[in-house]
Amino acid sequence: MAHAPKHSQAKAIIGVDTGGTFTDITLLNPATGEVWNAKTPSTPLDPSQGFGNGITEILSTSGLAGSEIARVLHGTTVATNLILEGKGAKAALLTTRGFKYVIEIGRQDVPRRGSLFAWVKPKRPIAPEHIFEIGGRIEPDGNELEALDEAAIRQAAKEIKAAGISAVAVVFLHSYANADHERRAAAIIEEEHPDALVSISSDVLPVFREYERSMTTILNVAVMPVVSAYVERLDQRISERKIEAPLLLMKSSGGVTSARNVKRAPVETALSGPAAGAVGATFVGANAGVKNLIGIDIGGTSADVCLIHDGKPGLTTSGHVGDWPLGLPMVDIVTIGAGGGSIARVSKSGALTVGPESAGAEPGPVCYRRGGEEPTVTDAHLVLGHLPPYLLDGKFALDIEGAQRAVRKYVADPLGMSVEAAARGILSIVDNLMVGAIRIVSVERGHDPRDFALLPFGGAGPLHGGALARLLGMRTMLVPPNPGVLSALGLLVSNLKAEFTRTCLQKARATDLSLIARVFGELEADAVAWLEQEDVPQNARQTNWTASVRYQNQGFELFIPWAAREVTPDALAATIAAFHQTHERLYTFAQEDTPVEIVTLRVDAQGVFPAPAMREIAHGGNTKDAIVAHQKMHLASGTVDGPVYDRARLGSDARIEGPAIVTQLDATTLVLDGQTATTDRFGNLLISEKR
Amino acid sequence: MQKLQSDDVADAADPVTLQIVRGALSAVQSEMEAVIERTAMSPFIREKKDFYAALFDGTGRLISGSNLPLFGDVIAPIAEHYPLETMRPGDIYWFNDCYASRGAVSHTPDQVFVAPVFADGQLSAFAQSWAHFNDVGGMRAGSLSPDCTEIYQEGIIVPPVRVAREGVVVEELLRLFYRNSRFPEMVKGDTRASIAAIRLGERRLEELFQRFGRAATLAAFNALISDTEQQLRAKLRALLPEGEHRFTDRVDSDGHGNGPIKLRYKLNVTPDAISLDATESDDQVRGPVNFLMAPEVPAMVFASYLLGENTNTLNSGAHQALDKIVLRPGSVLQPNFPAPLGMRGVTMMRNMAACLGLLNVATGGKAMAAHSAYVIWYMRGRDENDELFLLSDGLGVGYGARTTADGNDAVYLVAQENFPSEFLETVFPVRVRRYAINPDTGGPGRWRGGCGLIREVEVLAKEAMISMRIDSVENPPWGVAGGHAAGTGRCVINPGRPDERVLRPLSDGNMVKRGDIVRIETGGGGGWGHPFDREADAVLRDVRGGFVSRESAEANYGVVLTPDGRSVDTAATEKRRAKRPATKLFHRHGYHEVLD
């Protein structure tokens with residue numbers, strides 16, 4: 001593939017993960033497994049600046065020239081933030097006559113935990129006056145019932161142009177079954193309003209349920225101008241640095257795609273950052289020989305949890321970003337507002353709560369000495385001796401007294417507890433919130449967390465991992481070599497991916513195999529065309545067929561791998577058998593006597609890059625030599641003088657008995673009393689409970 | 001009901017355990033609901049999401065449950081047949097018997113399954129699932145019909161029964177039940193889903209007890225309950241002046257020629273107690289709008305309204321915050337057996353509005369305005385394969401304006417979703433022609449009431465029967481503090497055609513045939529505050545968005561638009577607004593100080 005030319009083995013790849021506060025840059029030489037890391041401040045006004053600065057820095061640290069780079073991979077929050085902050089472009093919508101208010105009405109529900117009285121319906125991204133109803137009707141089976149009213153489209157395009165709107169979504173009923181009307185509408189708009197960006201739902205998400213498809217298409221076109229301009233600036237930053245390699249961006253589904261595709265379907269990057277973390281976790285797990293794991297990325301304000309089963313991150317097609325549904329395949333990530341900066345408070349009635357308010361990066365925890373006053377989770381860790389008094393290789397002294405004062409004033413005194421008990425209480429509460437999130441991605445998806453290893457990452461992950469694993473009865477915890485930059489690593493090891501989906505509803509007793517065959521054939525052709533377009537060599541191509549299946553009348557479908565590469569009665573029967581099994585695994589029962597319906601077909605295409613070899617670390621000498629200090633740790637079982645290890649000095653096969661702290665530049669790992677940590681040849685820390 | 005021994009419960013819950021238990025209960029409830037949602041089969045549950053999970057302590061007090069003010073004491077009716085001391089781990093209890101449960105369930109399609117939870121060998125909690133099954137037999141498909149005149153016509157009645165003993169399910173009971181449904185497959189799936197959910201709840205609660213110990217966990221339950229009671233009492237006390245506050249709201253009709261049916265409430269506030277008396281409400285009626293109201297319900301309305309978004313605090317502490325509730329047997333809120341109950345939703349919704357009315361009377365108009373009752377219509381018939389189909393479509397309505405915000409447009413009820421048109425058209429013999437906001441149904445006000453919606457479908461089946469349920473037509477949801485009443489709903493067949501006809505709002509047996517157009521319009525919510533105080537730009541936005549007509553903007557809001565309709569004619573508006581109509585506390589068919 002263009003991104004992996006013949007000589008790519010000699011070339012390096014760069015991953016840039018833009019976060020809220022910092023941009024993490026990682027450079028990997030796939031031949032030797034050598035890795036360089038760098039961190040630069042993010043530049044929220046124009047994130048491409050931080051991106052460029054980071055690349056400059058990593059080229060200089062690694063001593064490589066731009067011409068020695070094979071590809072640049074990027075995880076971005078540009079689309080995410082536009083959606084969350086409602087700052088997408090002003091857009092218009094063309095929709096089927098009679099259905100102007102689909103997005104206004106939504107699913108007519110109040111959130112399940114919301115109050116009927118207090119809840120206020122969120123303002124829709126497009127006001128009704130910018131929604132145009134167009135005559136013309138497609139039936140559920142794709143037949144044209146009524147011809148498209150082209151004059152109405154021309155008129156609408158003129159009005160949209162006159163209103164100064166240049167982002168247009170087109171969503172017609174049942175367009176997943178026949179996209180002709182939407183395509184024709186797009187062509188007419190382009191004639192009448194050539195400057196407009198147009199997004200049609202049959203391109204973005206050809207799947208039934210008009211509200212979700214509308215919202216996904218609207219968000220796609222609304223983020224398009226800003227994301228396109230951003231991607232162009234990234235290209236520019238790259239070429240300024242004499243890099244001729246292509247830019248690939250991480251999609252929510254956990255694969256990368258070319259900048260060209262992102263400009264067309266920018267909404268596919270809505271979960272770009274967290275998806276990269278899931279890919280990184282998968283990779284680290286594979287190296288350590290662990291195929292089933294739960295990743296938890298704990299940052300300053302939030303924690304993202306994902307589940308990896310059999311070496312693959314879980315995907316969902318019913319995710320949300322902010323208030324809006326996104327029906328695209330995305331890594332199944334549950335985010336909660338709990339992180340190192342989460343603030344602990346005592347209510348008037350004496351209830352102790354932690355988060356979702358966060359001290360964030362500014363002012364940050366009290367112990368960061370940047371003006372924070374209320375105690376945070378990080379302050380609680382410091383009070384209990386879970387953190388060394390200095391961070392970042394001793395460059396940054398933490399304010400222990402300040403942390404103690406805050407915990408005392410705001411929590412311990414109001415509740416009449418000791419400072420240590422209060423700090424432990426803060427951590428217990430936040431750990432339990434995280435356990436709840438882990439339960440959602442595991443138990444609510446039919447998995448038992450005890451069958452998984454926990455992979456904590458992000459700056460604060462390894463501080464909590466031990467307690468979380470213990471609460472959930474998980475036997476193993478895996479702390480990657482650089483937990484703070486795992487998302488950037490995920491970028492480096494990710495493959496090209498694209499998903500081609502179409503609803504093709506099959507009534508239970510009337511499954512039309514020839515139609516299924518035709519649709520799979522067309523999706524496969526789309527996938528192959530995409531692989532061609534991305535220059536993926538034959539031997540690096542993969543396509544997988546899946547079908548979403550449900551019991552007749554059930555409202556929820558499961559995606560099941562299609563049992564063969566042909567559409568035959570046997571393949572259908574085998575797919576349905578697999579559906580029954582999956583249903584039983586997920587929901588404790590199968591109903592083999594109930595008819596089964598095929599709803600949506602999907603072909604996933606992958607261009608597989610050669611897996612980079614990761615560098616192995618030398619066998620360590622005496623583990624005790626890695627002890628750089630001892631410090632007081634206040635554990636539930638009592639106060640001890642625990643050792644502090646420098647992770648950089650640990651070789652492979654080191655063994656550490658808890659309680660202990662392992663420090664490194666980007667994170668601190670807490671090994672609890674009763675837990676043992678060992679290192680493997682890749683430098684992973686494997687922590688387990690003592691027998 | 002058996003009382004827990006005092007030495008069973010720790011003295012006080014520590015704040016950390018309390019917070020963890022609070023979070024854990026809400027997580028357990030969510031997990032249980034996830035199981036129901038994903039595995040049930042009837043459309044009522046699977047797309048409309050008409051289900052809840054709840055958790056109770058060992059004495060049957062609610063600790064975490066639905067935030068719909070609808071439910072009562074679920075455990076007591078079971079305990080009457082199966083004393084608590086006879087319960088064993090692995091048991092499951094089940095009922096839908098409204099009268100035997102004194103309104104804990106208020107219409108027959110709602111199935112309650114309960115599993116006792118044991119810790120240290122002692123009964124310590126209950127896990128419950130509640131779900132609306134789409135057909136449990138009865139007079140017509142869907143079990144509920146405005147035509148019913150006694151509860152026997154509304155489906156098979158299941159008194160509290162033990163459907164599993166120590167883990168062994170009594171299949172005979174279930175077979176009997178399935179045999180009574182027109183859609184046994186769906187009912188079977190829904191039953192399995194309900195049972196799977198409470199089994200999960202049982203396991204999770206056992207884990208909770210193991211983790212914190214029985215005594216500490218029960219102490220936490222107690223603390224959560226008393227915390228809610230105290231919070232709600234404090235809010236009520238702060239809001240309600242001493243004295244007697246009266247309010248009356250109206251249900252239009254019972255579908256059998258009786259109506260209006262009045263709910264007459266008296267809230268009596270003394271230094272010692274807050275009590276609610278509804279005994280002056282009208283007698284029970286022949287049609288199925290009787291609401292066998294559990295006495296807990298009005299307190300839950302107040303809690304749900306006053307505790308705001310903190311819905312995880314809605315537990316039995318709220319029930320205790322009202323000292324006394326008096327209902328009169330034989331009234332529409334406490335009908336005698338075997339009065340029909342199937343359409344109790346309309347009365348339940350008016351009860352909510354009446355509670356808000358009491359708060360408005362007590363505060364001089366500082367609470368929310370009234371809403372319409374959600375609309376449900378059924379279409380029953382045979383599809384092209386001659387198979388029975390039942391389309392049961394719930395439609396959103398407008399909710400009342402708040403003192404600080406507009407009412408929500410087109411909302412059904414908490415967590416209950418619509419059928420996507422693309423789903424309806426693939427599953428049922430209908431073509432959806434229109435799904436829209438119903439303009440001018442939001443009551444004008446400083447804050448506008450929410451608008452209802454319009455659903456218009458073409459019938460593709462050869463023939464079908466329609467059951468319609470719309471209330472608040474003759475007695476529109478009132479506005480308050482100067483806000484106007486809402487616009488109302490209706491159902492019209494073949495609008496604009498020579499054979500146009502309007503259906504009675506609460507009626508069944510309406511036959512339609514292929515090619516007929518069914519248009520259902522739903523009502524809105526009342527407005528809050530004087531409409532002349534609404535920013536002219538907000539009115540303009542509403543006109544341009546199709547929520548408010550130009551005529552209403554001018555007549556009700558005093559806002560005149562420029563001829564092109566694109567901006568406000570400021571001068572004309574000022575002139576128009578100079579003559580400001582006087583108001584009274586409530587508005588319904590004109591302003592009134594008192595509604596009756």
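Okay, a quick definition to start: helices here are DSSP runs of H or I with at least four residues, strands are runs of E with at least two, and both are numbered from the N terminus. Keep in mind that what we're looking at is a predicted model.

With that in hand, let's find B:P338. It sits in chain B, in the loop that runs between strand 11 (324–326) and helix 9 (344–363). The peptide bond leading from B:F337 into B:P338 is cis, with omega near 0°. There's also a cis peptide bond joining B:G259 and B:P260, where omega is about 0°. And where is B:P260? In the loop between strand 8 (243–251) and strand 9 (261–269) of chain B.

Staying in the loops of chain B, let's turn to phi. B:R102 isn't a glycine, but its phi is positive, about 50°. You'll find B:R102 between strand 3 (92–95) and strand 4 (110–119). B:D440 isn't a glycine either, and it has a positive phi of about 65°. Its loop connects strand 14 (430–438) and strand 15 (452–459).

So, are these two buried or exposed? The cut-off for buried is 20 or more other C-beta atoms within 10 Å. B:D440 has 21, so it counts as buried. B:R102 has 18 C-beta neighbours inside 10 Å, so that one is partly exposed.

Now over to chain A, for a pair of helices. Helix 1 (residues 47–62) and helix 7 (residues 210–240) have axes that come within 9 Å and cross at roughly 20°. Angles under 35 degrees count as roughly parallel, so that's what we call helix 1 and helix 7 of chain A. The crossing is right-handed. Which residues of the two helices meet? From helix 1 of chain A we have A:S48, A:F51, A:G52 and A:I55, and from helix 7 of chain A we have A:Y230, A:R233, A:L234 and A:R237. Sort that contact by class and you get four nonpolar, two polar and two charged residues.

Last stop, helix 12 (residues 550–557) of chain B. Its buried residues are B:S552, B:A553, B:N556 and B:Y557. They cover an arc of only 105° around the axis, so they're on the same side of helix 12 of chain B. What do those buried residues pack against? Helix 11 (536–545) of chain B. And just after helix 12 of chain B comes B:G558, with a positive phi of about 65°.

That's my tour, thanks!

Note on methods:
Residues numbered from 1 in each chain as written. Chains lettered and ligands numbered in written order. Predicted model: local features only at pLDDT ≥ 70, side-chain atom pairs only at ≥ 80, totals over all residues. Buried ≥ 20, exposed ≤ 12 C-beta atoms within 10 Å, placed from the backbone. Axes fitted to C-alpha atoms, helices over the stretch in contact; angles between N-to-C directions. Parallel < 35°, antiparallel > 145°, perpendicular 65-115°, else oblique. Left-handed = near helix turned anticlockwise from the far one by under 90°. Contact = placed C-beta atoms within 7 Å. Nonpolar A, V, L, I, M, F, W, Y, C, P; charged D, E, K, R; others polar. Arc of directions from axis to C-beta.
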